[in-house]
Amino acid sequence: MLCYSTSNKSLRLSMREAILQGLAPDGGLFMPVEIPSLSPNVVSGLRGKSMPEIGFIISKLFLSEDVGDADLRAIVEEAINFPAPLVSLDEQTKVLELHHGPTLAFKDFGARFMSRLMGHFLRNESQKVTILVATSGDTGSAVAHGFLGVEGIDVVLLYPRGMVSPLQEKQFTTLGQNITALEVDGTFDDCQKLVKQAFVDAELQKARPLASANSINLARLIPQSFYYAATVSQLALDNIPLVFSVPSGNFGNLTAGIIAKKIGFPIRAFIAATNSNDVVPQYIKSGVFAPRPSLATISNAMDVGNPSNFDRLREIFSSSLENFRAVVSGASFSDNETREAMILLKDKYNYLMDPHGAVAWLGWKQYQNQFPGAVGVVLETAHPAKFREVVEETLNLEVPLPAALEDCMNREKKAVPMENSYSRFSEFLRTSTIYGET
Ligand SMILES: *Cc1c(COP(=O)(O)O)cnc(C)c1O
């Protein structure tokens, strides 16, 4: 399967190259030249199959030229080694819990798959490759956990001192092994600048080859289509339409769902549910895509003012608003509405929902009447303990920490203090050899 860049349609790269490069040299996003499909017979034959089995079949469509079957199967099985239970709230509403991976958020699907795939691609390189990531919280822990122990790869993660929650910080500073955390004396933007500068520093990369693992990598989208497909095959819905409500920020999750539909998994529609960062719902309403600075909300993993996957969505829908509207409905909700939803879900269903999942549930409630007889699948993207402060204060109860979090809270933080200075940072990259020991 070949890929092109959304800003240069004549560029052709193998899937392997697109994944190793992450972002096209011209700044565009990689897309497969065509979205492959499965026949209705093959799709119905997947009824009741496990997520790794379905994942293997989907990834083969994209990766069969770059990875042999046995290796690909092993990558999928290792990456997707946690459950994704479907919980019924009532006849018409199910919650798909995507937070049972090691960092308790759905980003584990993308990060674990991408890391193993990159490890596979790089395993015969003579030099180790270093993944550089700047993080303001969630992405960092998913990426760090994803690459933990993957041979041939080191991870250096930069985060702004004092600006990530203590829980998030512990999740990526206590890992050791091939993961090094740098606590930068600056903001998240400063961290990103340092990373960008390193990527254009040819001299440095001779000493230490670098690779990126940011959220626009195609390898993160592919595994996110697995759970849509697995839900379709699990519910075995011959005639029951399925509507997925997706809490969205950069719209990678929604893009992956639409890819699953294109592959041939019957999905009636999607709801793009956002907090007050509603650039995409506004686009669906007015036809105008107007990015703007992000606003802070209680569902902060979706505080995105310029969604990075929007160009991919536009490609999929051939830049047609009509095509977009035929498949995706938009909805946005305030923090107050989100809190009220969390309270209602607790009171009525005794279900503890995190703020992101609550936004998705509100989206389904808004559109449910337009899809008579449909089942709504609400994606719960984070464990409520991950957003403990908001959940506890909204519901006036204590959220117990899952064992995985409790364990890392008790470990010792190991971070290297780093000035906000490129010369100090590049010197560190050139000279530090005992990664993870600092
Ligand atoms: C990243 C994230 C989202 C948004 O996902 P996108 O793919 O960026 O739209 C939603 N919920 C949680 C908990 C997240 O971490």
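Biologist: How many salt bridges does the count come to?

Modeller: This is a predicted model, where local features need pLDDT of at least 70, side-chain atom pairs count only at pLDDT 80 or more, and totals for chains, interfaces and linings use all residues. Residues are numbered from 1 along each chain as its sequence is written, and side-chain values use heavy atoms, with hydrogens and water left out. A salt bridge is a side-chain nitrogen of Lys or Arg within 4 Å of a carboxyl oxygen of Asp or Glu. By this rule the count is 17 salt bridges.

Biologist: Which residue forms a salt bridge with glutamate 169?

Modeller: Glutamate 169 is buried (under 20% relative accessible area; exposed is over 50%, partly exposed in between, with a 1.4 Å probe and protein chains only). Its relative accessible area is 15%. The N to O distance in the bridge is 3.0 Å. The partner is lysine 413.

Biologist: Lysine 413 also forms a salt bridge with glutamate 183. How many residues apart in sequence are the parts this pair ties together?

Modeller: The closest N and O atoms of lysine 413 and glutamate 183 are 3.2 Å apart. Lysine 413 lies in the loop between α19 and β14, and glutamate 183 in strand β8 (residues 179–184), so the pair ties together parts separated in sequence by 230 residues. Helices (H or I, at least four residues) and strands (E, at least two) are DSSP runs, numbered from the N terminus.
The value is 230 residues.

Biologist: Is glutamate 183 buried or exposed?

Modeller: Glutamate 183 has a relative accessible area of 13%. That makes glutamate 183 buried.
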